[in-house]
Amino acid sequence: MQRIMDDLEPSAPNDDQKSAEKSSDIEEEKETQKSTRVKEKTPGVIYLSSIPEGMQYNDVYRVFSELGDVGRISLQTGGPQPHHAKKKRFAEGWIEFLDKKKAKRCVLLLNNQRVGGKKRSKWFDCIWHMRYLPKFQWSHLTERLAYEQASNQQRMRTEINQARQEAHHYAEQIEWNQKHVRMASKHADWKSNKRAYDYTQKLTDEEIQKRKAGSKRVKQLEKSRSNVLGSLFGASAKSQPHSDAAE
């Protein structure tokens, strides 16, 4: 009886059975991953080196959506736009296809080919110039555009600062020239209206001594002259009374 009960009880799984089950599970997971990879389409980006004049976002989307599912479009202008232009003029662009195979096929079909369309359109005879960008993601484009925008802003700031410095220097030069002209005119007026001033230099000690000696000599000469005159006139005065008495 005990032997019959042992035969009826389920036997425990062996190690070989466990490893086989694990390998089958791994193979199933790999198959599911492969199927999901096949279903997921990797996007691809193409670069347009030139955009026909007058073509806008809607026109670009209408042309390229005929060759595949288009995700995102980025068009960049080449510089400042003219004031009289009603539409933007784009110089280059990037187009993202949801499937990179369609992007490669688009480049093979349209590169170096006419835009075509209606004969009356402006870009009928324009030529497409495009290139497929391998291993290029849309995030790379956003990073590049952000870097270019930051560099443009930095260059604009430096140019503005340089222009301000030049204007300040020019204003300083004008002010200095005006001041120089005013000073020159004042100097010319003073030169024309100036008066002649007589300046006497102070005598030196030698000159003072010579002057004193000269004054003493002059006084002596005057004194001797007065003595001579006195002696002459005194003698004539004495002789005059004698003449009166004789008469």
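This is a predicted model: local features need pLDDT of at least 70, side-chain atom pairs count only at pLDDT 80 or more; totals for chains, interfaces and linings use all residues.
Trainee: Good to know. Where is Ser 74 found, and is it buried or exposed?

Mentor: Ser 74 sits in strand 2; helices (H or I, at least four residues) and strands (E, at least two) are DSSP runs, numbered from the N terminus. With a relative accessible area of 9%, Ser 74 is buried. The cut-offs are under 20% relative accessible area for buried, over 50% for exposed and partly exposed in between, using a 1.4 Å probe and protein chains only.

Trainee: Which side chain does Ser 74 join in a polar contact?

Mentor: That of Gln 76, at 3.4 Å. A polar contact is a pair of N or O atoms within 3.5 Å; within protein, one must be able to donate a hydrogen and the other to accept it, and residues adjacent in sequence count only if both atoms are side-chain atoms.

Trainee: Switching topic: how many residues are in the largest nonpolar core?

Mentor: There are 21, and those with the most contacts inside the core include Ile 46, Phe 64 and Trp 128. Such a core is a set of buried Ala, Val, Leu, Ile, Met, Phe, Trp, Tyr and Cys residues joined through side-chain atoms within 4.5 Å.

Trainee: And which elements give two or more residues to it?

Mentor: Strands 1, 2, 3 and 4, along with helix 3 and helix 4. Helix 4 supplies the largest share, four residues. Apart from this core lies another, of five residues, among them Val 45 and Trp 94.

Trainee: What about strand 1: why is it largely enclosed by the rest of the structure?

Mentor: Because four of its five residues are buried. Strand 1 pairs with strand 3 in the antiparallel sense over five bridges, and Gly 44 stands opposite Phe 97 in strand 3. Strand 1 also runs antiparallel to strand 4, with four bridges joining them, and Val 45 faces Leu 133 there. Two strands pair if DSSP finds at least two bridges between them.

Trainee: Now the charges. How many salt bridges does a search of the whole structure find?

Mentor: Four, counting a side-chain nitrogen of Lys or Arg within 4 Å of a carboxyl oxygen of Asp or Glu. One of them joins Arg 89 and Glu 53, with the closest N and O atoms 3.6 Å apart. Arg 89 lies in the loop between strand 2 and strand 3 and Glu 53 in the loop between strand 1 and helix 3, so the pair ties together parts that are 36 residues apart in sequence. Arg 89 is partly exposed at 40%, and Glu 53 is exposed at 54%.

Trainee: Which residue forms a salt bridge with Arg 62?

Mentor: Asp 59, with the closest N and O atoms 3.0 Å apart. Both lie in helix 3, three residues apart, about one turn of the helix. Arg 62 is partly exposed at 45%, whereas Asp 59 counts as buried at 15%.

Terms used. Residues are numbered from 1 along each chain as its sequence is written. Side-chain values use heavy atoms; hydrogens and water are left out.
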